[in-house]
4 protein chains.
Amino acid sequence: MPIRAVVWGENVHEQKNPVVAAIYPDGMHNTIARALAQEGDIMAETATLQEPEHGLPAERLARTDVLLWWGHAAHDAVSDRVAERVAQAVWAGMGLIVLHSGHFSKPFKRLMGTPCNLSWREAGERERLWLASRNHPIAAGLPDHFVLEHEEMYGEPFGIPEPMETVFISWFQGGEVFRSGLTWRRGAGNVFYFRPGHETYPTYHDATVQQVLRNAVRWAHNPAPRVAGDPTRAPNVPADKAPEPVTERGPKLHQPGEEGYR
Amino acid sequence: MPIRAVVWGENVHEQKNPVVAAIYPDGMHNTIARALAQEGDIMAETATLQEPEHGLPAERLARTDVLLWWGHAAHDAVSDRVAERVAQAVWAGMGLIVLHSGHFSKPFKRLMGTPCNLSWREAGERERLWLASRNHPIAAGLPDHFVLEHEEMYGEPFGIPEPMETVFISWFQGGEVFRSGLTWRRGAGNVFYFRPGHETYPTYHDATVQQVLRNAVRWAHNPAPRVAGDPTRAPNVPADKAPEPVTERGPKLHQPGEEGYR
Amino acid sequence: MPIRAVVWGENVHEQKNPVVAAIYPDGMHNTIARALAQEGDIMAETATLQEPEHGLPAERLARTDVLLWWGHAAHDAVSDRVAERVAQAVWAGMGLIVLHSGHFSKPFKRLMGTPCNLSWREAGERERLWLASRNHPIAAGLPDHFVLEHEEMYGEPFGIPEPMETVFISWFQGGEVFRSGLTWRRGAGNVFYFRPGHETYPTYHDATVQQVLRNAVRWAHNPAPRVAGDPTRAPNVPADKAPEPVTERGPKLHQPGEEGYR
Amino acid sequence: MPIRAVVWGENVHEQKNPVVAAIYPDGMHNTIARALAQEGDIMAETATLQEPEHGLPAERLARTDVLLWWGHAAHDAVSDRVAERVAQAVWAGMGLIVLHSGHFSKPFKRLMGTPCNLSWREAGERERLWLASRNHPIAAGLPDHFVLEHEEMYGEPFGIPEPMETVFISWFQGGEVFRSGLTWRRGAGNVFYFRPGHETYPTYHDATVQQVLRNAVRWAHNPAPRVAGDPTRAPNVPADKAPEPVTERGPKLHQPGEEGYR
């Protein structure tokens, strides 16, 4: 059964900026979705900011294995409710791949708990991505390094929690470095951040970048059934249901059957 | 120069519940503050929910080295603005020690990016804390294990990101286990979660628990000057300021001097 | 194509101790291998200490996807050469699952770089394993906790490097806890340690334990081709082969084409 | 009380190579030791390969807080016994700072459990080190980046276990990147690897490098008393000494008081 991916695109600059529109006439989300579907094991749909609920109603997230997120100019236009829904889906087991300027998106900042800030420069300079974790599934089929001739620079320090794994590190012509491929686990969900993808360059048409995205979808996919019910619940286990016999003693705050404070 | 600690107490059950009031007549925050000050190298003040801005105006956080946080019944009464201010102070270098039911506090959930949920039982059962990281500074002077005869049970799975270090793991009489001492770094700030401390038991009068709290304050203290300015800023580095000579090429979104999107 | 697993068994107590022989008449390795093969996606063979090169010549490791290792009484009888060969295979991409008393085996200690010590008690007591990482692939299909009625106790502190992920934590009747399911990456290889499996109890006949082992083999399997050549080589990249133009300057130690020191 | 540091120097190229002798007439170890002692809180001695037991008898390690290790041409000349002794001291709480080509030293490889390999080029090119963990104690007083005009290149992938923290990442003129400041904990000991320091360049005369080394010594110092006795021992806890009452049941391998297998 193919992996069900949804590519979320902000779809703002594609509509307003002629340069971006020329590179991605169908929108970046459609270019990415087509790349994902290319080897047959991933079924890729799209969703955009402009759709009702940004194209991400709860039922749709429930049947999405991996969500990819590209946003830049309109992070604030994403509703808090949808951002929280995405975080909850990740905790319950949905994979999330955050792309480029999505480092400042609401779902990513929500899941990291840090500013996710960095330094940047838009000069069309050369970026070279180096593999830091040899044979990592996200790097399947890749050489030890590859080049994107024109990219925006992102520089360290990158305001993120220490990752589970550092997969790629970027070299920039102008003298900076950046951890450009990083993994985390959040609840039952796998999260991958991948740096390249400035909208004024044809990055998502690059064959190696497309390979990374397919690999990342496969890696982020957790085949286990989604965590049932509310992934944030904190169940009470009363004394008579304890795994080992235990007798209540001492004073209590809570009456039997009462919910805990949240 | 002594470390400047502030113990934040919700101060609700101490006022309403006679059991809690009898154990902590001055409030839990004052008991904890006195314990911190005991060896002279920590200067401990308190702050409570009921004070203006919950006792945590920006200027006070700016001169706080380590904040300790105990809350339970009134997490929602903490304003989002103060919770965000605490997170920003941590990113800028303030240490944060989250106690017991503070696992569901706004600042902790904000910094973890996960539900921070768990299972629980209020039965006054025995808890035994085991050291998992021998000679960790937070365990200075401690034996390999110690017992709290009456505690609330918290059980795994604990909905947190994988920690930087696992310092303590708890055994419970009723059959559960819990990672009860955990460290993370968030920006320039050190974060420690310490599980024990249910308000109907005299946990914070326990000498070993007090030793852990003092150790944790010393560990969490980052003596570096706080990150200057806004810890979330993302500075532009224009081409003519790049560390290596780089010539702008290709199309651009941004005009010179323009701020990036957030 | 099925995953190719090899179960390495020390095969000493099965030959000498009537209790162990009665529980595992074909040896523990054969019991484990049969459990692995049960769902058809894993092809499981065995190897033992007594075979030439302990059943692990280089060619065999080269075509092994995942090696499982159980040893106890005869760690020292394993040749250093074979232990190093196993480590090299892991660095090149072979998965390794270390079982129970294998915490003191040469390959595990070699890969961890720590003593891997613990406290222990052989009293046939109850062990309850708790899931600490909900929906982790190694826990697929498992409940939040499960019980082994008779097991040896292993207690913290466990002398290991902080793991990549804590999957299981054990509760013991006698009052101890232990991180009993842990993951690491070493080079291109995935490593999993799983605690249960004392030879005088029927642990490897337990259906849940067998499920964990199958899950772990699937998780540890890195489908990427093995790292080509020597996984420890440190290639020189001379100035005229540098990715960016660079001119040699300053004094040098090495002549062109010379190998580096090791 | 000052921190007691020992700088271990291989002291080979300083004796044989006129370029190195000119830069470090007293040997690199003495240059480094003088830099450490500069602010008065560190007492720095030296030890070299050529001394009996390489200058590191057990009694000396027992009273060393932090050991710094520089080796290159003669890794194999270090006796296995001394390398193991260093590892044991780290497990018991001694800090270890491994410098530059020490990535291939016996103690570092022993503690990492990985090949610690990398790619390299000796062309005197420019290295720029970027801070990846803002306000980390090891970076106290440092700017976000600093330059070494002449250095050897080390390139990713670096064959190490994922670190606890990534403190520095290097940019190289020739197009490579490298994680050049990394922390791990091994037992009770803190380990830091710091990349710069090729012997044909005056790196250890650089003020910023010297600041990093002093910071690193302070960070690596664990003030707790060294773990008593053998840091690899695995104590038996018999049933009658169990923290909770437990009755032996089922068959056993071991007689009362017997040592476990190792």
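Student: What counts as a contact here?
Tutor: This is a predicted model. C-beta atoms are placed from the backbone, and their separation decides the matter. Two residues are in contact if those atoms lie within 7 Å.

Student: How many residues does the contact take from chain D and from chain B?
Tutor: Take chains D and B as the pair. Each side is counted by its residues: 14 from chain D and 14 from chain B.

Student: How do the residues of the chain D side that touches chain B divide by class?
Tutor: Three are charged. The others on this side of chain D are five polar and six nonpolar.

Student: How many residues does the contact take from chain A and from chain B?
Tutor: Now take chains A and B as the pair. The count is 62 residues from chain A and 62 from chain B.

Student: Which element gives the largest share of the chain A side that touches chain B?
Tutor: Four elements of chain A each supply at least two residues: α6 (106–112), β5 (119–131), β6 (145–155) and β8 (177–186). The largest share is seven residues, and its source is β5(A).

Student: Why are chains A and B related as by a two-fold axis?
Tutor: A rotation of 180° superposes chain A on chain B, with an RMSD of 0.0 Å. The shift along the axis is 0.0 Å. The two copies are therefore related as by a two-fold rotation axis.

Student: Which residue of chain A comes closest to the rotation axis?
Tutor: Distance is taken at the C-alpha. The closest approach in chain A is 2.4 Å, and the residue is A:Gly113.

Methods
Residues are numbered from 1 along each chain as its sequence is written. Chains are lettered from A and ligands numbered from 1 in the order in which they are written. This is a predicted model: local features need pLDDT of at least 70, side-chain atom pairs count only at pLDDT 80 or more; totals for chains, interfaces and linings use all residues. Ala, Val, Leu, Ile, Met, Phe, Trp, Tyr, Cys and Pro count as nonpolar, Asp, Glu, Lys and Arg as charged, and the others, Gly among them, as polar. Copies are superposed by least squares on the C-alpha atoms of residues with pLDDT of at least 70 in both.
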